[in-house]
Amino acid sequence: MTDKNGFFDLSRSALTRRTALKGLAAGAGLAVAPGFVRYSQAQSSAPIKIGFQSHRTGIGAAYGRWYEKTTAAAVKAINDAGGINGRQVEVIIEDDGTDPGRGAEVVGKFASQHKTDIVYGTLFSHVVIGSAPAAGEAKMPYFVVSEGHHVASTKLNRYVFQPGITDVKSQIQSMAPWIAANAGKKVTQIFPDFAFGYDHRDYLPPALKAQGAEVIAQIAIPPTESSFTKYFPQIPAETEVIYHVMVGPAVLTFVKELGEFYGSNRPQLFGFIDSLEATDINSPGLEFLDGSHFWEGSPRYAQPDDSPAQKAYRAAVGIDDNGAAVGDPKDVSTAAHMFGCWETLYVVKKAMEDAGYKGPEDRAKLVEATEALTEFADGPEHPQGPKTFNGKIHQCFGIQNISKVEGGRLNVVHKTKIEDGLYEPEGDYTTQAL
Amino acid sequence: MKDASPAKPYALHLGVIALLFTLSFVLPEYHHGLLARIMVLAVFAMGYNLLFGYVGLLSLGHAMFFSAGLYGAGLAVIHLGWSVPAAFAAGFACGALLALVIGLLALRTSGVAFMIVTMMFAQVFYLVILYLAAWTGGDQGMVVPQPMRVLVLGSTSLDLTNPTVRYMSALTLFSIVLLISLAIVRSGYGRVLVAIRENEERTKMLGYDTFSNKLAAVVISGSICAASGAAYALLFGYVGSSFASVQYSILPLLWVLLGGAATTLGPLIGTLFMYYVIDVASGYTSAYLLIVGIALILLVLFFPRGILGSIRQRWLGWLP
């Protein structure tokens, strides 16, 4: 700014009152010119762009479809109520193929091509972990709806949040008191021999021990297995509860073969509904599950004590009393998880409003505003129930449901407390630089 | 493989490198980042091409070499805290060693059996990664911590998460491997490899030890793929088992077929083409893989030797 040719040398020309007035007049003239008005309106009313990293294809496609429906419903509700900071919300969807490599590319695409304000919506853990470095490097707030423990483990980075769904470690921990008190004290776990199963393998035993119960056997089933009968003799005879979290297409075979193995004289069964998301509980072969219990994040079936907020949410998303798409009873939703999309978007709204968010230059402010959140009250914005949020580990904690399979539907028999799922933080993202 | 003067091919390859260098300054941000990734994966394809294109050995297990480099480098940083050059060397060494062992075993077969054996070994490798989840992160994979992805050269620190540094690092690796590939295929050794592809019995009869030559090709090919995997872990910060799945064994085959097998620049063209078809098509429909499939069918029908292979056949016979 001190060009010796004098081009930018302000020291040579003193600012007089006359030149100042001229400048002010010119500025005012520009400000009232029609073009300028249009421009400033365009700035303030341009939509907030949310990049939705969706599993449209690949193994997560069933979830992806329902995540999109829930997102569309939430965005409509937010926009109908005036948007965020007076601006409408626009969702841009990119398919990540449920693949971590493509996921990272998609985050890059949102950051540098679509220039979205945030990236949101990822479910599968490996895609979240694969995409997180790209989000951190682009300094792009990345709000996932994954339920994995990876965010709360503080092994990702400061830009990754999970404010709309409780993580799996907390979910498992909060199941233990009910299992020990109602199902039995001697538990055998059957789980898939990959990361989803390992969360259950690692977190359930200490949680049960704290309740005076114990895991007496852990049976890991290889992911390539298509028949399970040969594993069942490993279940100890004294088992009172079988805790199962098999997922994928093989789950129908698993349940059928378990039924054939035990007949009518079986231990208690407890599972995570992840096994049967988007699957009709009345599918042939699942009869054996009658009388068993499942974890549900949000209940699939409408319950007699549903709050008005829950009813309004179900209507907005378009699911009937059985948790299937309105007008298509065979199109069963992923109700236990997809509420997380709705709630995450309302958290984003709240954080953007708290931060006075105007555009990508305010992303750091948005991160800090999100970290400053502590509680989300039960209501239209959080229809699944109240939650607390730990800004240090970027993770929310909510109530969980335990439902019993009765008469071909899932009835909620117990709701946990938030405190049941709290654990010691494993780190602190807020110490990382923005 | 005609005896043209070496000037033309070298000028072309140096020109391509210069073009990629120039593109770094003119490409929009998104395409800049995408091209860095494409160059790293084109190295993977070049490694594959050496074996498939020039020796005629169709492997369906090259994902194991790529992921040997990926995990070799990534885990060295995550668990041992190694520096970037040491981690890269570790990844490279893992791939080279694995390729030597697999080569010694798999080269006892040929044709379809070689294809199946390599696929089975890759599947074993994939399952071992899942089995050792405590170390590898299993199917979820692991993040290579951002603060450790810094290349220290004397008093200079290069942050590999910086887009320009990443692009230039990818270009450096790509250029080195491209020029090595060119040197190999123009060398006497390269001609022996082509001779093996065309008629192994006759090559043997001429006095060449075809097993040793093929084994060397497997090791070089596996090492190049491992270099690509190691670079991927260090430049993009993620190691995951999906890179060891069968999909990542088929992808380099497709990239090479598209670009032109047994052409040095074909792998780059094929990877570039496939990436952009997916990127553009996925913006319009979730059935983008159908479009990729149709593109592949059309190419096989009208350019059976791939893009560069067909160009060489019809117009530029001197293309290496």
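Predicted model: local features only at pLDDT ≥ 70, side-chain atom pairs only at ≥ 80, totals over all residues.
Residues are numbered from 1 along each chain as its sequence is written, while chains are lettered from A and ligands numbered from 1 in the order in which they are written.

Let's start in chain B. Helix 2 (residues 29-55) of chain B packs against helix 12 (residues 266-281) of chain B at an angle of about 130°, and their axes are 8 Å apart. Helices here are DSSP runs of H or I with at least four residues, numbered from the N terminus. Axes are lines fitted to C-alpha atoms over the stretch in contact, and angles run from 0 to 180 degrees between N-to-C directions. Helix 2 of chain B and helix 12 of chain B are therefore oblique to each other.

Who touches whom? Helix 2 of chain B brings residues including L34(B), I38(B) and L41(B), and helix 12 of chain B brings residues including L268(B), L272(B) and Y275(B). Contact means that C-beta atoms, placed from the backbone, lie within 7 Å.

Now look across to chain A. There, 22 residues of chain B are in contact with 28 residues of chain A.

Finally, chain A is divided into domain 1 (47-166 + 337-397) and domain 2 (169-296 + 403-412), with bounds from an automatic or database domain assignment. The C-alpha centres of these two domains of chain A lie 30 Å apart.

Key
Helix = DSSP H or I, 4+ residues; strand = E, 2+ residues; numbered from the N terminus. Parallel < 35°, antiparallel > 145°, perpendicular 65-115°, else oblique. Contact = placed C-beta atoms within 7 Å.
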